[in-house]
Amino acid sequence: MSSLVRKYYQGMLPPLNPLSEDAIGMVQLYANESPYDIAKEFFTGDELASLFNLGLNRYPDCEALALREAYCYYLDGIVGVGNVAAGNGSDELIRAICDVYLETGDVAMSLEPAFGSYKSGAASAKGVYIGIEPSNEWLEPDIEGLIAQANEKNAKLIFICNPFNPTGYLWRSEDIIRVIEGTGGMCVVDEAYIEFSSAKSFASYAAGNPRALVLRTISKAFGCAGLRVGFAIGAVENITAINCAIDMYSINSFSQTAAAMLLRKPGIIAPYIKQIKEERDWLALRLAEFEGMAVFPSQSNFILVRTPITKEIVEETMKSNILIRSYSSYPSNIRISVGLREENEALLEAIGKAYAKAMGEDDEKD
């Protein structure tokens, strides 16, 4: 690689699809996507026609105004358009936030195990990322440690994911406020999974607080990961700065229009969210039946488990054409996205086979 490339990127490979060409068609319980293609079901004929008559020879609205207005509608008008930035998924917004608030060498911080974009966004802005290790084996946040380290390192950015990915842990509102008020940087509350929880959103709080931002997305509850649309919510001066760091034509015309249509129908996602939550609770009970498997309480659309046979489960699920998420840093843990009932049953069957093989091998050793 050229010596002109920044050291951070030297030797790095671009992200790859977790599904190889040979694995297309696998049951995807890996990326916390919705198992429901909600948009396909709810677009009417007239709406579909309008999507294909957008005038694609023209650039999209660089302000994404109609999309931002639709998101304000979805939030019941608790914030204004000036409080909302729209980006090409939360990933672009995270990178823009890092560009806006980090000078070279400034510290960004989060709780581990963290969403990878927090670290890569900080590195892209030539900042320094520090991950705070969890407080116990249930990977619960070390709040006191986070506050202490943020103050010691003079952290400019603190990312708080609520509900927390990958555990499904739900932060108490008072703990989030304690971090915001007990530190001096910008606190970013990532609410990508909030629709699946009982949490109260910090959107209106962030709109009125110059040291808080909220991230939201339509990738999860709306089942529209393919549209790549996310939102940042905050005080007008913060959103203005973030909009300066977003690419001018970041969100294409199709995604802007389709997302705005869906956001104007906020009630359509309620039955799907209900079904995912019910399926999550059913799956958690079934997983807990396996010997030695600890199931983390979750308020999201995924479940984290700790198991003594992680390697065997990953191998068996791959053989069964099911893709789940394992962690090199936390090798006993597996994250499972909640799928359809038949997908979850296939997963349980594969895990059962893994346990049977592991127990058989142990018996042979004895």
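Helices (H or I, at least four residues) and strands (E, at least two) are DSSP runs, numbered from the N terminus. With that, the tour can start.

The model is predicted, so local features need pLDDT of at least 70, side-chain atom pairs count only at pLDDT 80 or more, and totals for chains, interfaces and linings use all residues. Residues are numbered from 1 along each chain as its sequence is written, and side-chain values use heavy atoms, with hydrogens and water left out.

**Stop 1: glycine 292**

Select glycine 292. It sits in the loop between helix 11 and strand 9 (294–295). Glycine 292 is exposed, at a relative accessible area of 54%. Here buried means under 20% relative accessible area, exposed over 50%, and partly exposed in between (1.4 Å probe, protein chains only).

Now show its contacts, meaning heavy atoms within 4.5 Å. Residues up to four places away in sequence aside, glycine 292 touches Arg306, Thr307, Pro308 and Tyr355.

**Stop 2: helix 11**

Step back to residues 270–287. This is helix 11, with 18 residues. From first C-alpha to last, helix 11 reaches 26 Å, close to the 26 Å expected at 1.5 Å a residue. The expected span is 1.5 Å times one less than the number of residues.

Which residues of helix 11 are buried? Select Tyr272, Ile273, Ile276, Glu279, Arg280, Leu283 and Leu287. They lie on the same side of helix 11, because they cover an arc of only 130° around the axis. The arc is that of the directions from the helix axis to the C-beta atoms. An α-helix has 3.6 residues a turn, so residues three or four places apart point the same way. Turn to the other side of helix 11: Lys274 and Leu285 are exposed there.

**Stop 3: helix 7**

Select residues 173–182, which form helix 7. Its buried residues are Asp175, Ile176, Val179 and Ile180. Their arc is only 140° around the axis, which puts them on the same side of helix 7. What covers them? Helix 6 (143–152), strand 5 (157–161), strand 6 (186–190), helix 8 (203–207) and strand 7 (212–217) are included in the cover.

**Stop 4: glutamine 256**

Go to helix 10 (residues 253–263) and pick glutamine 256. Is glutamine 256 buried or exposed? It counts as buried, because its relative accessibility is 9%. Beyond its neighbours within four places in sequence, glutamine 256 is in contact with Pro60, Asp61, Ala64, Leu67 and Ile251.

**Stop 5: the pockets**

Rolling a probe the size of a water molecule over the atoms shows where empty space is left. On a 1 Å grid over the protein atoms alone, a pocket is an open set of points where a 1.4 Å probe fits, with protein on both sides within 12 Å along at least five of seven lines; lining residues have an atom within 4 Å of a point.

Select Asp91, Phe115, Gly116, Ser117 and Arg325. Of the 47 residues lining the largest pocket, these lie nearest its centre. The largest pocket holds about 1600 Å³ of space. A volume is the space filled by probe spheres set on the points, which are joined across faces, edges and corners.

Colour helix 4 (89–101), helix 5 (116–124) and strand 12 (325–326): each supplies at least two lining residues. Helix 5 gives the largest share, five residues. The lining divides into 23 nonpolar, 14 polar and 10 charged residues. Ala, Val, Leu, Ile, Met, Phe, Trp, Tyr, Cys and Pro count as nonpolar, Asp, Glu, Lys and Arg as charged, and the others, Gly among them, as polar.

The second largest pocket has a volume of about 200 Å³. Of its 15 lining residues, Cys62, Glu63, Ala86, Asn243 and Met248 are the closest to its centre.

**Stop 6: backbone details**

Select glutamate 112 and proline 113. A cis peptide bond joins them, with omega about -5°. Proline 113 is in the loop between strand 3 (107–111) and helix 5. Asparagine 162 and proline 163 are also joined by a cis peptide bond, with omega about -5°. Look for proline 163 in the loop between strand 5 and helix 7.

Finish with asparagine 32, in the loop between strand 1 (27–28) and helix 1 (38–42). Asparagine 32 has a positive phi of about 60°, although it is not a glycine. Asparagine 32 is buried, with a relative accessible area of 1%.
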